[in-house]
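Biologist: I'd like to go through this one with you and ask what stands behind each label. Shall we look at it together?

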Amino acid sequence: MTYEDYRQLTFTRRANGVLLITIDRPEKYNAADEEMHGELARVWNDVSADPETRVAVITGAGKAFSAGGDLAMVERMAGDYDRVTHMLKEMSDMVYGIINCEKPIVSAINGVAVGAGTVAALLADVAIVAEDAKIGDGHVKLGVAAGDHAAIIWPLLAGMAKARYYLLTGEMITGAEAERIGMVAKALPREQVLDEALRVADVLATGAQQAIRLTKRALNNWLRSAGPTFDQSAAYEMLTFLGPDVVEGYTALREKRPPRFPSAQN
């Protein structure tokens, strides 16, 4: 397997069957447009089937891990039923692809991870983050329901109280705070994040493969049991892409001003 047909993800094979995947759109802070979103949705099936890969590590090129969904993509989706239904399928493929990937996945969260970027960041089996990185799910600030990965994983990692707070307000948290509340395995100085992720990957890649993979499969039954919650949240996100609030949300972002959502006006 060569991964030659990927354009916004780059791949580096390392010793011991470790595959380094880099989200490679640094000029846009690795924000996901339609092409990248599609690649992130299908790469995990390829990794799972790749006989040369034992462990995957995912990180971002440049200063960011991934700054969420590209705003131009958001604008194209708003009110477009066909685009929205296509995105719903890709969102499901991405989430369940990570959960069901046979190989362990380590995320090296080297910078900001927002929205779509946090799917791989937080659903990874081991998440290692820069202490000063910002992590968040800002869907509600855009005017859409928190779909993607949030409902399936945030309550399990941080507890319902923290999940409710951050998903309802859309506030960001630092990597250090994410470690404190249990969202990630480790928070380290930024320059140490990738090295530590690769070290952990080597530990996993040189361990008992069947034992590690089956342990992952068993642990991820917690996520599979929350599948209906994810399915509903994803559908709700796409439903709100067909309403008026998202138009005000992306317009306010474009104009760098607070949004005035129609649903909040008397």
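Modeller: Let's start with Asp-33, in the loop between strand 2 (18-23) and helix 1 (34-49). This is a predicted model, so local features need pLDDT of at least 70, side-chain atom pairs count only at pLDDT 80 or more, and totals for chains, interfaces and linings use all residues. Residues are numbered from 1 along each chain as its sequence is written, and side-chain values use heavy atoms, with hydrogens and water left out.

Biologist: Why is Asp-33 called buried?

Modeller: Buried means under 20% relative accessible area, exposed means over 50%, and partly exposed lies in between (1.4 Å probe, protein chains only). Asp-33 has 13% relative accessibility, so it counts as buried.

Biologist: What joins the side chains of Asp-33 and Gln-8?

Modeller: A polar contact of 3.2 Å. The term asks for a pair of N or O atoms within 3.5 Å; within protein, one must be able to donate a hydrogen and the other to accept it, and residues adjacent in sequence count only if both atoms are side-chain atoms.

Biologist: Where is Tyr-29 found, and why is it called partly exposed?

Modeller: Tyr-29 is also in the loop between strand 2 and helix 1. Its relative accessibility is 48%, so it counts as partly exposed. Tyr-29 has a positive phi of about 55 degrees although it is not a glycine. Asn-16, in the loop between strand 1 (9-13) and strand 2, has a positive phi of about 65 degrees and is not a glycine either. At 36% relative accessibility, Asn-16 is partly exposed.

Biologist: How do you know what helix 3 should span?

Modeller: The expected span is 1.5 Å times one less than the number of residues. For the 20 residues of helix 3 (residues 81-100) that gives 28 Å, and the end C-alpha atoms are 28 Å apart, which agrees. At the start of helix 3, a side-chain oxygen of Asp-80 comes to within 3.2 Å of the backbone nitrogen of Asp-82. The buried residues of helix 3 include Val-84, Met-87 and Glu-90.

Biologist: What makes strand 5 and strand 7 partners?

Modeller: Two strands pair if DSSP finds at least two bridges between them. Strand 5 (residues 105-109) and strand 7 are joined by four bridges and run parallel, with Val-126 of strand 7 as the bridge partner of Val-106. Strand 7 also runs parallel to strand 10 (residues 186-188), joined by three bridges; there, Leu-188 is the partner of Ala-130.

Biologist: Why is strand 7 described as largely enclosed?

Modeller: Four of the five residues of strand 7 (residues 126-130) are buried, so the rest of the structure largely encloses it.

Biologist: Which strands make up the open sheet of four?

Modeller: Its order is 4-6-8-9, with mixed pairing. Strand 4 (66-67) and strand 9 (173-174) are called edge strands because each pairs on one side only. Strand 8 (residues 134-136) pairs with strand 9 in the antiparallel sense over two bridges.

Biologist: What makes a space a pocket or a cavity?

Modeller: On a 1 Å grid over the protein atoms alone, a cavity is a set of points where a 1.4 Å probe fits but cannot get out, while a pocket is an open set with protein on both sides within 12 Å along at least five of seven lines; lining residues have an atom within 4 Å of a point. Grid points are joined across faces, edges and corners, and a volume is the space filled by probe spheres set on the points. The largest pocket holds about 850 Å³, and 35 residues line it, with Ala-67, Gly-68, Gly-69, Leu-71 and Leu-253 nearest its centre. Helix 2 supplies the largest share of that lining, five residues.

Biologist: And how large is the largest cavity?

Modeller: Its volume is about 30 Å³, and a search of the whole structure finds one cavity of 30 Å³ or more. Residues lining the largest cavity include Ile-23, Leu-40, Phe-65 and Met-94, and helix 4 gives the largest share, three residues.
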